[in-house]
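Here's a friendly walk through one protein model. Have a look at the fold below, then we'll take it piece by piece.

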Amino acid sequence: MEFAELWKSGGIRYLSLTRAGFLRPNGAVIRLVLFDIDGTLIRTGGAGVKAFGKTFATEFNLPEATKNVVFHGRTDVSLVRQILRENKLEESPGNFARFFDRYPFWLDYFLHLLDGGPCEGVHGFINGLLRAPDKPLLGLLTGNIRLGAELKLRRYNLWHPFEIGAFADDHEDRNCIAGIAHQRGNEKFGRALKGEEILVIGDTPRDIDCGKSIGAKVLAVATGGVRLEELEGHHPTYAVADLRMIRVEDAVA
Ligand SMILES: [Mg+2]
């Protein structure tokens, strides 16, 4: 088959040619894939928001603490800081510890009470990555604290595929969390990964921004409530309704 026909025929084009080292249509091969959690890997039925509310109600006597707070794409630590500040409470290590000592208990409680599950296409996409010829390293890049991330993902049997992670415990600012995830990837590979070797997958404009902040490619998914058109307006590398809409080999080529 002529080259042009092979190219047009789809299907095998990226896989065979890329493996042969001929052609990398979208630049470098992806070595590290970093996933956001809420609205990207799973939906929890609002367990996180409810756990925040219950913790502030029981520990700080603030039953309405989360009423006007936007949680989407935020980090847990920045959310706690905002709520403490709005309620004229001291943003002290003691108050953060008081919150985060109790929050996992309520998170676990609501994760088992409420309906949730993996987002559409997640299992297929992750299995595809794990079976890929040049299997990339899978990691987490999330505004959850590490224990919260683990509780959420273990609830839906999705904790085990991820070998590295960066969390809200590492930094309060999401872009800084991205930098830490990049650094942990470098340590794992024993060399500095180029931005274009990293793919960040997330469901909000903040995920797109933080992926770009480390020079990564970004795959935006409209499974978390932000509409596809809005995500496209922030110019990710790819934007799809859900992870069934993109082939693994295209995302990591
Ligand atoms: Mg999210």
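Which residues does arginine 43 touch, not counting residues up to four places away in sequence? They are Gly116, Gly117 and Cys119, where touching, or being in contact, means that the C-beta atoms, placed from the backbone, lie within 7 Å.

A word on the model before going further. It is a predicted one, in which local features need pLDDT of at least 70 and side-chain atom pairs count only at pLDDT 80 or more, while totals for chains, interfaces and linings use all residues. Residues are numbered from 1 along each chain as its sequence is written.

Back to arginine 43, which sits in strand β2 (residues 42–43). Helices (H or I, at least four residues) and strands (E, at least two) are DSSP runs, numbered from the N terminus. The C-alpha atoms of arginine 43 and lysine 152 are separated by 9.1 Å, though the two residues are 109 residues apart along the chain.

**The sheet**

Now for the sheet. Six strands make an open sheet in the order β5-β4-β1-β6-β7-β8, with parallel pairing; two strands pair if DSSP finds at least two bridges between them. At the edges are β5 (164–166) and β8 (238–240), each of which pairs on one side only. From one strand to the next, the twist averages 20°. Axes here are lines fitted to C-alpha atoms, for helices over the stretch in contact, and angles run from 0 to 180 degrees between N-to-C directions.

Strand β1 (32–35) is joined to β4 by four bridges, and the two run parallel. β1 also pairs with β6 in the parallel sense, over four bridges. Leucine 32 shows both links: its bridge partner in β4 is leucine 137, and in β6 it stands opposite isoleucine 198. Further along, phenylalanine 35 has isoleucine 201 as its bridge partner in β6. Both faces of β1 are covered, with Leu32 and Leu34 on one side and Val33 and Phe35 on the other, all buried.

What about β6 (residues 198–202)? Four bridges join β6 to β7 (residues 217–221), again running parallel. Isoleucine 201 has leucine 219 as its bridge partner in β7, and leucine 199 stands opposite lysine 217 there. β6 is mostly covered, as five of its five residues are buried. Ile198, Val200 and Gly202 point one way, and Leu199 and Ile201 the other.

**Helices on the sheet**

Helix α8 (residues 174–189) packs on the sheet, touching β1, β4 (137–141), β5 and β6, and its direction makes about 155° with that of β5. Helix α9 (residues 205–213) packs on the sheet too, touching β6 and β7, at about 170° to the direction of β6. The chain crosses from β6 through α9 to β7, a right-handed β-α-β crossover: with the strands pointing away from the viewer, the path from the first strand over the helix to the second runs clockwise.

In α9, Asp207, Ile208, Cys210 and Gly211 are buried. The buried residues of α9 pack against α8, β6, β7 and α10 (228–232). Just after α9, glycine 215 takes a positive phi of about 75°.

**The core**

A nonpolar core is a set of buried Ala, Val, Leu, Ile, Met, Phe, Trp, Tyr and Cys residues joined through C-beta atoms within 7 Å. The largest one has 64 residues, and Leu34, Leu141, Ile198, Leu199 and Val200 touch the most other members. Helix α5 (residues 93–113) gives the most to this core, with six residues. At least three residues come from each of domain 1 (3–44 + 116–252) and domain 2 (47–113), with domain bounds taken from an automatic or database domain assignment.

**Buried or exposed?**

A residue is buried if 20 or more other C-beta atoms lie within 10 Å of its own, exposed if 12 or fewer, and partly exposed in between, with C-beta atoms placed from the backbone. Here are three residues by that count.

| Residue | Other C-beta atoms within 10 Å | State |
|---|---|---|
| Arginine 43 | 22 within 10 Å | buried |
| Asparagine 61 | 9 within 10 Å | exposed |
| Histidine 235 | 11 within 10 Å | exposed |

Asparagine 61 lies in the loop between α3 (47–60) and α4 (76–86), and its phi is near 55°, a positive value in a residue other than glycine. Histidine 235 is in the loop between α10 and β8, and has a positive phi of about 55° although it is not a glycine.

Terms used. Contact = placed C-beta atoms within 7 Å.
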